[in-house]
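This briefing covers one protein chain, topic by topic. Please look over the sequence and the model before reading on.

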Amino acid sequence: MNNCTIQYNKAQFIHVDIICTKQTQIEPQVVFKNSIMKKKIIFVNHNYEIKHPELYKCSTIKYINCSFIHNKRLIYSHFSQITIDNCYFLETEKSNDDCSQVQSFIISSNTLLHGNSIVCEIENCVFNNITLRNSIPAISDAKYSDIKITNWIFLNLNVNNGLLGEESKYVLKNVILKNIKTNSKALFHILYQNIEFNNVEVKDFECIGDGGDTSFILYDSGEANFKMTIKNFRIQDGISNGPLIKIIGNSNEFLFENSNITNIISYGSFISNESKNSKVIFSNVKISENINTSKEECGGIHFNNNINLSITNSKFINNNSKSNGGAICFDEISNLRLNLSSNEFSKNNAVNGGAIYMKNGKIINMNENKTLIIENNIFNENSAEDFGGAMYSEFQKIYLAILVNNKFSYNKAGILGGGIFSPNSVVENLFNLENNIYLNNTVNSIINDYTSKPAYILLEPDFPDNLIQITTGAYLNLVFTLYDEFNSIIKDITKYYSSMMIKTILEEQAEKKKINNINKSNNKSNNNNYHLIGNTCSFIHGKFYLFYYNLNNFANPNKYNLKFKIENYNDDIELRIMDLEVLVSSCNSNHILNKIKCKIKREYLKIYLFR
């Protein structure tokens with residue numbers, strides 16, 4: 001059929017019944033050329049005796065240089081091959097009528113292509129100004145089919161569902177999508193199949209489905225191992241109420257190369273891989289100017305569970321996460337094989353881990369050592385509100401990483417770890433920091449290239465034999481210094497640990513205490529030899545200060561044990577201080593030590609003596 005215009009016919013325009021089980025000709029059974037179809041239906045039903053994978057070869061329909069305008073339903077196909085070459089689609093409309101139970105399957109309204117087990121190649125098509133308010137895909141709801149889409153342009157689409165049915169294999173090549181809006185679970189939702197995007201450009205889109213549960217691409221590999229390939233993919237200027245690209249399933253592969261993600265606002269990661277087992281390759285990718293607005297879903301890119309990941313020759317620039325990991329977040333990792341080489345991480349921001357955040361879950365096999373390579377990367381001008389301007393690591397296997405020739409420069413953190421931060425157990429949770437370059441990584445303008453949480457406290461000065469001898473009028477200065485696991489003093493510029501306190505406890509030694517107890521029983525009015533007040537000091541700029549002053553007029557010489565206790569800090573910290581023995585020499589036998597008072601910040605702990 002050539003050079004035809006068919007319009008305003010309420011009935012089906014063509015109904016083709018084909019009965020065959022084997023291909024007998026190469027040319028299509030039906031060909032439409034240079035035709036205009038308005039509000040038409042073309043129905044193809046392929047009857048067969050024995051079902052096999054190549055049934056479509058003997059049932060072929062081809063459209064060349066055709067225009068489809070105001071069509072409610074266009075093509076219904078069953079085990080057939082359809083080729084659409086250089087066609088134009090305009091203003092597909094909603095259909096309220098019911099066209100169902102035609103031959104052996106049910107037809108739903110308002111989709112371009114419908115059917116099962118179709119092999120279809122559609123080329124050179126334009127879809128413009130399409131609004132669909134029903135719950136089926138806009139282009140195809142075909143199942144178990146193999147569909148190739150080449151040289152398509154989608155402009156001004158507003159759909160309640162996605163574009164393609166879930167249960168078919170797709171290849172999209174040279175496709176442009178602009179001004180797209182959907183409130184479905186995903187614009188592209190793929191189940192249990194391979195899918196390939198090649199040279200796809202997306203601009204100005206809105207995925208406005210349920211918060212946290214809508215995506216531009218939702219890929220579910222199911223139980224079997226399937227693969228999603230994205231090459232030469234450029235997406236920009238869009239919003240999504242969930243992750244932009246979400247990957248789930250038991251086992252899958254994800255190849256992402258030569259692609260850009262720019263200026264996306266998502267409630268969740270830009271790419272979230274929640275698969276149980278996944279092999280992921282990023283190569284020559286640029287992810288920039290994006291925002292993850294969720295405080296619960298971490299990372300610009302989010303990985304968890306068992307991941308085999310390679311990221312090479314890629315750039316992560318000026319991305320922001322309201323949670324952890326401005327560029328990449330590894331969370332609840334069970335096993336990780338990692339190659340992170342020749343990448344740039346610049347001006348990314350997060351709460352913790354401005355560029356990268358790493359935290360393991362339940363390690364499947366602690367004895368299995370995966371290859372971890374982090375080399376030739378640049379971490380520049382990243383920032384964290386709290387810890388780890390460039391990197392935050394709490395992953396127990398990261399000490400196995402080969403970390404060489406990386407540059408950490410001008411990164412900033414609000415509390416600790418301008419360059420790198422590991423909260424504790426750096427022997428396990430952090431890599432060897434040598435053979436890398438560190439330049440001007442800061443916390444409040446103070447150089448702080450790498451650090452951990454507080455690890456231990458030392459007493460200054462060191463008293464020989466842990467013995468202190470004091471007499472009347474002598475000073476006793478005690479200074480406690482806080483260190484991290486790198487044996488560096490923690491300078492808490494922001495006073496994050498200012499509530500941490502050291503409490504001193506003064507106890508009489510056993511023999512003297514026994515004698516004093518006898519004296520107390522003979523003198524009921526004198527209940528104690530001393531009364532301890534203000535015996536605590538707080539942490540300021542790496543040190544705790546206690547100053548004892550006015551030790552005078554002791555009536556009875558005595559020996560005491562001075563003990564120390566950390567308060568207002570719940571994490572593990574080691575107090576590397578032995579109990580001190582304090583020997584107080586008497587000056588006047590008519591006075592008794594009664595009261596001790598301590599004030600912090602270089603004021604004095606004063607001891608007042610009276611009868």
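A residue is called buried when its relative accessible area is under 20%, exposed when that value is over 50%, and partly exposed in between. C298 has a relative accessibility of 4%, so C298 counts as buried. The model is a predicted one, and the values below are computed from it.

**Overall make-up**

- The chain has 611 residues, and 52% of them count as buried.
- Its secondary structure consists of 2 helices and 53 strands.
- Of the contacts between residues at least 6 apart in sequence, 81% join residues at least 24 apart.
- The accessible surface of the chain is about 26,800 Å², and carbon and sulfur atoms account for 44% of that area.

**Disulfide**

- The chain contains 1 disulfide.
- C298 and C329 make this link, with their sulfur atoms 1.9 Å apart.
- The angle about the S-S bond is -75°, and the link of C298 and C329 is left-handed.
- The two cysteines come from distant parts of the chain, 31 residues apart: C298 is in the loop between β22 (291–292) and β23 (301–312), and C329 is in strand β26 (residues 328–341).
- C329 has 0% relative accessibility and therefore counts as buried, as does C298 at 4%.

**Nonpolar cores**

- In soluble globular proteins, nonpolar side chains tend to be buried together.
- The largest nonpolar core here has 94 residues, and F216 and F282 have the most contacts inside it.
- Beyond its neighbours within four places in sequence, F216 is in contact with A186, L187, F188, V202, F205, C207, F233, I235, S240, P243 and L244.
- One of these contacts of F216 is C207, which is buried at 1% relative accessibility.
- Another core lies apart from the largest one; it has 27 residues, including F387, L482, I490 and V582.

**Aromatic pairs and a charge over a ring**

- A pair of aromatic rings is described by the distance of the centres and the angle of the planes.
- The structure holds 24 aromatic pairs.
- F387 and Y496 form one of them, an edge-to-face pair at 5.5 Å centre to centre with 85° between the planes.
- This pair links distant parts of the chain, with F387 in strand β32 (residues 383–387) and Y496 in the loop between β44 (474–483) and β45 (501–508), 109 residues apart.
- F387 is buried because its relative accessibility is 7%, whereas Y496, at 44%, is partly exposed.
- Y450 and F486 also form an edge-to-face pair, at 5.0 Å centre to centre and 65° between the planes.
- Y450 in strand β41 (residues 450–452) and F486 in the loop between β44 and β45 are 36 residues apart, and their pair links distant parts of the chain.
- Y450 is partly exposed at 31% relative accessibility, and F486 is partly exposed at 23%.
- Y450 and F486 belong to a cluster linked by ring pairs, together with F316, F345, F379, F408 and Y438.
- The charged end of R576 sits over the ring of Y456, at 3.6 Å from the ring centre.

- N376 is not a glycine, yet its phi is positive, near 60°.
- N376 lies in the loop between β30 (372–375) and β31 (378–380), and a relative accessible area of 35% makes N376 partly exposed.
- Y410, also not a glycine, has a positive phi of about 55°.
- Y410 is placed in the loop between β35 (407–409) and β36 (412–413), and at 43% relative accessibility Y410 counts as partly exposed.

- R234 is part of strand β17 (residues 225–240).
- With a relative accessible area of 30%, R234 is partly exposed.
- R234 and S259 lie 25 residues apart in sequence, and their C-alpha atoms are 5.6 Å apart in space.
- Leaving out neighbours within four places in sequence, R234 is in contact with N199, V200, E201, V202 and N260.
- V202 is among the contacts of R234 and also among those of F216.

Notes:
Residues numbered from 1 in each chain as written. Predicted model: local features only at pLDDT ≥ 70, side-chain atom pairs only at ≥ 80, totals over all residues. Heavy atoms only, no water. Phe/Tyr/Trp six-rings, centres within 6.5 Å; stacked < 30°, edge-to-face > 60°. Helix = DSSP H or I, 4+ residues; strand = E, 2+ residues; numbered from the N terminus. Buried < 20%, exposed > 50% of the residue type's maximum accessible area, 1.4 Å probe, protein only. Lys NZ or Arg CZ within 6 Å of the ring centre and 35° of its normal. Disulfide = S-S within 2.5 Å. Core = buried A, V, L, I, M, F, W, Y, C linked by side-chain atoms within 4.5 Å. Contact = heavy atoms within 4.5 Å. Areas by Shrake-Rupley, 256 points an atom, 1.4 Å probe, with all protein chains shown as cover.
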